[in-house]
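Hi,

Here is the structure we talked about. Please open it next to this message; my findings follow below it.

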Amino acid sequence: MTPTAFEAHGLAHRYRGKPALEDCTFRLAAGHVCALVGPNGAGKSTLLALAAGLLRPTRGTVRVLGTDPASARERLAYVAQDKPLYPQLTVGETLRLGGELNPGRWDARAAADIAAPLDRAARVRSLSGGQRTRLALALALGKRPELLLLDEPMADLDPLARHQLMGALMADAAERGTTVVMSSHILTELEGACDHLLLVDGGRVRLGGPVDDLLTAHTLVTGPAAEADEALSPYTVVETRTTGRQASALIRRESGAVPPPASWQAAEPTLEELLLSHLRSPGAPALLMDQPERKTAA
Ligand SMILES: Nc1ncnc2c1ncn2[C@@H]1O[C@H](COP(=O)(O)OP(=O)(O)OP(=O)(O)O)[C@@H](O)[C@H]1O
């Protein structure tokens, strides 16, 4: 079985008694690129900080790279939303410090490639938000992590820089088999880049598993609104929307369920449609799909 890069069992975190994460259980096999999505305040940053060992669980367990986060700290890299860096250092000094803090692991070339557009003599405090992001990503990749935790890494990058950095990150992760967990609100950024999904809402995991399996488990159906109640009754309906005489619904097709009626059109949803439907329907039941290697072992 593929080793596990990130797993949680009954994981919960409270800030001064106020719940931010509740009863999260999932497993991410090594080598996957996982999108962590959910509305503002869903608990994504909290989950990443728990994985990085910066927060402790209030309840349950979190394990990364087969051990507890504190023991895995040298083998993981975490880029927080606010990208903490030393403002008084130059870009060049920051990269040198990265090398000093990661003896035996540091890949100066990987870091330099990501930081290439930056002026080495520029002080961190003079960098724009997007330039700081680039430097933080250079430090993270230079560490040659086995697990890369990225909290909204691309939020302040211009579209060209986003495209270029995302491409570089994904190529590097594919070449080295790095596991990546990346939170983002930009759904188009995730489509195509991620093969695994965790949708968190209200501190709970609502969807989890391989993107392809989650998409295949859902069907977007469209048909006459007057027939909707009867036509959709065999299914778990995530969301129904009615426009005039037409109804469209995102349904789950449990094994053995009858196909949608012939008068209804059926199509596989896009990742964006799947996510938006679930975000609009907080009451839809959670779906956690088996990991790929569990299936092949069965
Ligand atoms: N340091 C903190 N102290 C108290 N409450 C916090 C703290 N950090 C987060 N929270 C609360 O925990 C919940 C989850 O926050 P978190 O930052 O994990 O969400 P998020 O999904 O990353 O949100 P966003 O998409 O806006 O970044 C929210 O209700 C938030 O107000």
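Helices and strands here are DSSP runs, numbered from the N terminus; a helix (H or I) needs at least four residues and a strand (E) at least two. With that numbering, Glu74 sits in the loop that joins strand 4 and strand 5. Keep in mind that this is a predicted model.

**Domains**

Contact between them involves ten residues of domain 1 and five residues of domain 2. On the domain 1 side, helix 6 (187-190), strand 8 (196-201) and strand 9 (204-210) each supply at least two of the touching residues. That side has seven nonpolar residues, three charged ones and no polar ones.

**Around the ligand**

Ten names to look up: Tyr15, Ala20, Gly38, Asn40, Gly41, Ala42, Gly43, Lys44, Ser45 and Thr46 are the residues around the ligand. By class, the shell has six polar residues, three nonpolar and one charged. Which element gives the most to this shell? Helix 1 (residues 44-51) does, with three residues.

Seven of its eight residues are buried, so helix 1 is largely enclosed by the rest of the structure. The buried ones are Lys44, Thr46, Leu47, Leu48, Ala49, Leu50 and Ala51. Just after helix 1 comes Gly53, with a positive phi of about 80 degrees.

**Helix 5**

Helix 5 (residues 159-176) has 18 residues. From first C-alpha to last it reaches 26 Å, close to the 26 Å expected at 1.5 Å a residue. Leu165, Met166, Leu169 and Ala173 are its buried residues.

What do the buried residues of helix 5 pack against? Their partners are strand 3 (33-37), helix 4 (129-142), strand 6 (147-151), strand 7 (179-183) and helix 6. The face turned away from the buried side carries the exposed residues Leu160, Gly167, Ala171, Ala174 and Glu175. Just after helix 5, Gly177 takes a positive phi of about 70 degrees.

**Positive phi without glycine**

Two residues to check by eye. Arg144 has a phi near 50 degrees, a positive value in a residue other than glycine. Arg144 lies in the loop between helix 4 and strand 6. With 19 C-beta neighbours inside 10 Å, Arg144 counts as partly exposed; the cut-off for buried is 20 or more.

Glu152 also has a positive phi, about 45 degrees, although it is not a glycine. Glu152 is in the loop between strand 6 and helix 5. Is Glu152 buried or exposed? With 20 other C-beta atoms within 10 Å, Glu152 is buried.

Arg105 is 31 residues from Glu74 along the chain, and their C-alpha atoms are separated by 8.8 Å.

Ala72 is in the loop between strand 4 (59-64) and strand 5 (76-79) too. Ala72 counts as buried, because it has 21 C-beta neighbours inside 10 Å. Leaving aside neighbours within four places in sequence, Ala72 is in contact with Val64, Leu65 and Thr67. Ala72 and Gly41 are 31 residues apart in sequence and 27 Å apart in space, C-alpha to C-alpha.

**Gly92**

Gly92 belongs to helix 2 (residues 91-101). With 15 C-beta neighbours inside 10 Å, Gly92 counts as partly exposed. Beyond its neighbours within four places in sequence, Gly92 is in contact with Arg120 and Ala121. Thr240 is 148 residues from Gly92 in sequence and 54 Å away in space, C-alpha to C-alpha.

Best wishes

Conventions: Residues numbered from 1 in each chain as written. Predicted model: local features only at pLDDT ≥ 70, side-chain atom pairs only at ≥ 80, totals over all residues. Contact = placed C-beta atoms within 7 Å. Nonpolar A, V, L, I, M, F, W, Y, C, P; charged D, E, K, R; others polar. Near = placed C-beta within 6 Å. Expected span 1.5 Å × (residues − 1). Buried ≥ 20, exposed ≤ 12 C-beta atoms within 10 Å, placed from the backbone.
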